[in-house]
Amino acid sequence: MALVATAEACDSNASLLASGDLRVLQPIFQIYGQCRSFSGPIVTLKVFEDNVLVRELLNSRGDGKVLVIDGGGSMRCALLGGNLGQLAHNNGWSGIVVDGCIRDVDEINGCGIGVRALGSHPLKSNKKGHGEKHVPVYIGGTFIQDGEWLYADSDGIIVSKSELSI
């Protein structure tokens, strides 16, 4: 899949922006991982301070998809670490967006995927298995549905109802 520059996508899709079919996430995410730009169809996950389902999804074939994790914006523990970052890379995920924290930043920065998160935190999460997969989530000031498309680069993150072509 071809990379789409987020600024160019916004410039050339005014009607999609006006209709809400293309949305821009608030600029609250830090950039991690080796891939500063990534895109793909979205898989959503809603968890709170518990990363069992994160591991479960990243242990499956990613096929170029992007995992979007609604972690409730928690800044009290990390939902993703170096082992899960490497697992995501090994299983073909394009990227991960975490509305929460990550840890093992140096390890994640060595992984061949793109990661966006609110920040880093050294404490690991709970392991209870609570959460929901493939549900609508609200992060970065916008609702995101499973199956929509996410595009991330150094300028920001955009979400589209369908795949963009520029």
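Guide: Helices (H or I, at least four residues) and strands (E, at least two) are DSSP runs, numbered from the N terminus. The model is predicted, so local features need pLDDT of at least 70 and side-chain atom pairs 80 or more, while totals for chains, interfaces and linings use all residues. Residues are numbered from 1 along each chain as its sequence is written, and side-chain values use heavy atoms, without hydrogens and water.

Visitor: Happy to start! In which loop is histidine 134 found?
Guide: Look for strand S8, which covers 132–133, and for strand S9 at 137–139. Histidine 134 sits in the loop between S8 and S9.

Visitor: What is the relative accessibility of histidine 134?
Guide: Buried means under 20% relative accessible area, exposed over 50%, and partly exposed in between (1.4 Å probe, protein chains only). Histidine 134 counts as partly exposed, because its relative accessibility is 44%.

Visitor: What is the phi of histidine 134?
Guide: Most residues other than glycine have a negative phi. Histidine 134 is not a glycine, yet its phi is positive, at about 60 degrees.

Visitor: Let's move on to glutamate 49. In which loop does it lie?
Guide: Strand S3 spans 38–46. Glutamate 49 belongs to the loop that runs between S3 and H3.

Visitor: Is glutamate 49 buried or exposed?
Guide: The relative accessible area of glutamate 49 is 10%. That is why glutamate 49 counts as buried.

Visitor: What is the phi of glutamate 49?
Guide: Glutamate 49 is another residue to check on the backbone, as it is not a glycine.

Visitor: Which residues does glutamate 49 touch?
Guide: Contact means heavy atoms within 4.5 Å. Leaving aside residues up to four places away in sequence, glutamate 49 touches Ser74, Arg76, Cys77, Leu79, Ser125 and Asn126.
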